[in-house]
Amino acid sequence: MKNTGIKHNRKHLSIGFFVMILLMPNVNLFAQVLTGQEYAVKQQVLTIVDKYSNSCNFYGSQGVMDANTILEFKQLFVQETNVLIYNDIEPEQVSGQFLALDNYSANLQMGYPKGLLVKINAASAVLSPAYPFGKSKTYIVNAMFVKNLFGLYNGTTIHDFSATLVLQITFSMKTGTPSDFKIYNIATPETAINIVNEKRKVGIDFGPEVYMINSEFYNPFFENSNGWTYNGENNLGFGIELIIPIVPALRLGTGLRFSSFSSFAQLPYTSSTSSSLFSDADGDQYYSNIIAELNHQNYYSTLEVPAQLMLVLFPKKKFNLYLSGGILWTKTRSAEYQLSGYTITSGTYPEYNVTLENIPEYGFESRQYNEESFDWDIKSSTIMTSYGAGIMIRLGKSMALKAGYYYQGGSLGYEESSYMYKFFGANEEMWAETSGFTFSFLF
């Protein structure tokens, strides 16, 4: 028994973020280089670089840009709205460091009506390995080269540009051979996206998790006995979530969580007498009388490791729906209850027409509780069941927001509480249940 009050504020946040940092893996471990197709990829990439070099030479015709060359230029790129091209056509980059594909081609036509001369040595391009990227069986490779550009900008300014640029080129392996090579981005080496990190969009997702829950930690005696009122309470938990793909539509969810449960049970003033006779140590028979008025506050905190199977609907879209189910290994960190009120037990002996109380050796005891704290004597660890459903929204190439509903619950073992057992004869399983909403920011 402890007389120290239970603190309501759980100071676990700093511990959780410390554990998150310790568990955070190096993203390079998740990126697998495409092997066995290096020569074919190289030849196709160099072809794209050569086509890019040729299509960049926009020659005007009587003050009008060549529309066919502009079309060929655009067809080299993926058909996505987020394609960005390094702004090498404006002397002062007045429109920004990067331009969307349509803006780039429009600025070309307006800024260089008499054409633009571009020189690139495709054969000297330096190529990176090909890494998985974005959608299933899609890969990306970097091609770095020196680009020289010369032209008369707006008919007034000579633009003589030379710099090292990176073409970031994607291709598909759906047919088993590299195909559909397209330019995804054009950037400088310093601003090019990290193609190793981009694997994470279809690889392992991990990140901090916060969940708001209504939790219950209770003995069924509270719910099944007349007079008791029982309420679960709201709590906040946090942890690290890790989602490992098995196939695109099926994933394994795990991680590490710090959870807190609490509940409140109240017994207003009550007086009851047993309907059957009991025998004391001397063999005399009596009716048991109980008078009680109690407030019972429960607290339970855990360390949890979940193992969930997630069924993901629309796995290749930015907006996913998921269903999950599985188990949690739960380690008890603390399990306590706080008690206030009083209990009085006595025995009425019909043979002697007398009522005895305040005789502990006969089991007749009076007890006053003043917010005293006790430990539940339950299992140090247990297995709970869990299920849930929700949504996952992709935010860019390597981030996602996950939100949903979940439930978990299970038995914590048997408890022979000093007052519950002595005064009420209760010896039942302790249970913990939680339902609420979870939010994760995944990388």
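The buried residues of helix H3 (residues 67–75) pack against helix H2 (38–55), strand E1 (84–86) and helix H4 (101–111), where helices (H or I, at least four residues) and strands (E, at least two) are DSSP runs numbered from the N terminus. This is a predicted model, in which local features need pLDDT of at least 70 and side-chain atom pairs count only at pLDDT 80 or more, while totals for chains, interfaces and linings use all residues. Residues are numbered from 1 along each chain as its sequence is written, and side-chain values use heavy atoms, with hydrogens and water left out.

Within H3, Thr69, Ile70 and Phe73 are buried, that is, under 20% relative accessible area with a 1.4 Å probe and protein chains only, whereas exposed means over 50% and partly exposed lies in between. These three lie on the same side of H3 because they cover an arc of only 100° around the axis, the arc being that of the directions from the helix axis to the C-beta atoms. The face turned away from this buried side carries the exposed residues Ala67 and Asn68.

From H4, Ser105, buried at a relative accessible area of 1%, is in contact (heavy atoms within 4.5 Å) with Ile70 and Lys74, leaving aside neighbours within four places in sequence.
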